[in-house]
Amino acid sequence: MNTSLSPERVRADVAELLGCAPADLSPEENLFDRGLDSVRMMTLVERWRAAGATTLEFPDLAERPVLAHWTGLVTGGNA
């Protein structure tokens, strides 16, 4: 697990791009339904790669656009 990429960091990064409070995001909510688009998703991929998730790819996130899934992918653990 990458220590700079914590579950809290993942949630905060997503919330920032959606313009909401981190606490407003449900772990199983579809983030596309929430308003996330492909451009913002690429922003997250690049941000998280720079922070240490070097193998993360766009399709990894697009496959299942829910916070809990993304947190597991990015941190290398369970959400």
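## Helix H4 and its surroundings

The buried residues of H4 pack against H1, H2 and H3. Here, helices are DSSP runs (H or I) of at least four residues, numbered from the N terminus, and buried means under 20% relative accessible area, with exposed meaning over 50% and partly exposed the range in between (1.4 Å probe, protein chains only). The model is a predicted one, in which local features need pLDDT of at least 70, side-chain atom pairs count only at pLDDT 80 or more, and totals for chains, interfaces and linings use all residues. Residues are numbered from 1 along each chain as its sequence is written, and side-chain values use heavy atoms, with hydrogens and water left out.

H4 is mostly covered, since eight of its nine residues are buried. These are Leu-67, Ala-68, His-69, Trp-70, Thr-71, Gly-72, Val-74 and Thr-75. Just after H4 comes Gly-76, which takes a positive phi of about 80°.

## The nonpolar core

A nonpolar core is a set of buried Ala, Val, Leu, Ile, Met, Phe, Trp, Tyr and Cys residues joined through side-chain atoms within 4.5 Å. The largest such core in this model has 21 residues, and those with the most contacts inside it are Val-14, Leu-25, Trp-48 and Trp-70. Helix H1 (7-18), helix H2 (38-50) and helix H4 (67-75) each supply at least two residues of this core. The largest share, five residues, comes from H1.

Contact means heavy atoms within 4.5 Å. Leaving aside its neighbours within four places in sequence, Trp-70 is in contact with Val-14, Leu-31, Leu-36, Met-41, Leu-44, Trp-48, Leu-61, Arg-64 and Pro-65.

## The aromatic pair

A pair of aromatic rings is described by the distance of the centres and the angle of the planes. Rings of Phe, Tyr and Trp (its six-membered ring) pair if their centres lie within 6.5 Å; planes under 30 degrees apart count as stacked, over 60 as edge-to-face and the rest as tilted. By this rule the model has one aromatic pair. Trp-48 and Trp-70 form this edge-to-face pair, at 6.2 Å centre to centre and with 75° between the planes. Trp-48 lies in helix H2 and Trp-70 in helix H4, so the pair ties together parts that are 22 residues apart in sequence. Both Trp-48 and Trp-70 are buried.

The expected span of a helix is 1.5 Å times one less than its number of residues. Leu-17, which lies in H1, touches Arg-40, Thr-43, Leu-44 and Arg-47, not counting residues up to four places away in sequence. Leu-17 and Gly-35 are 18 residues apart in sequence and 9.5 Å apart in space, C-alpha to C-alpha.

H1 is followed by Gly-19, whose phi is positive, near 70°. Cys-20 is placed in the loop between H1 and H2. Cys-20 is buried, with a relative accessible area of 19%. Apart from its neighbours within four places in sequence, Cys-20 is in contact with Ala-15, Leu-25 and Arg-34.

## Helix H2

H2 has 13 residues and reaches 18 Å from its first C-alpha to its last, close to the 18 Å expected at 1.5 Å a residue. Its buried residues are Met-41, Leu-44, Val-45 and Trp-48. They cover an arc of only 100° around the axis, which puts them on the same side of H2; the arc is that of the directions from the helix axis to the C-beta atoms. An α-helix has 3.6 residues a turn, so residues three or four places apart point the same way. The face of H2 turned away from its buried side carries the exposed residues Val-39 and Ala-50.

What covers the buried residues of H2 includes H1, helix H3 (58-63) and H4. Val-45, in H2, has a relative accessible area of 0% and is buried. Not counting residues up to four places away in sequence, Val-45 touches Leu-56, Glu-57, Phe-58 and Leu-61. Just after H2, Gly-52 takes a positive phi of about 130°.
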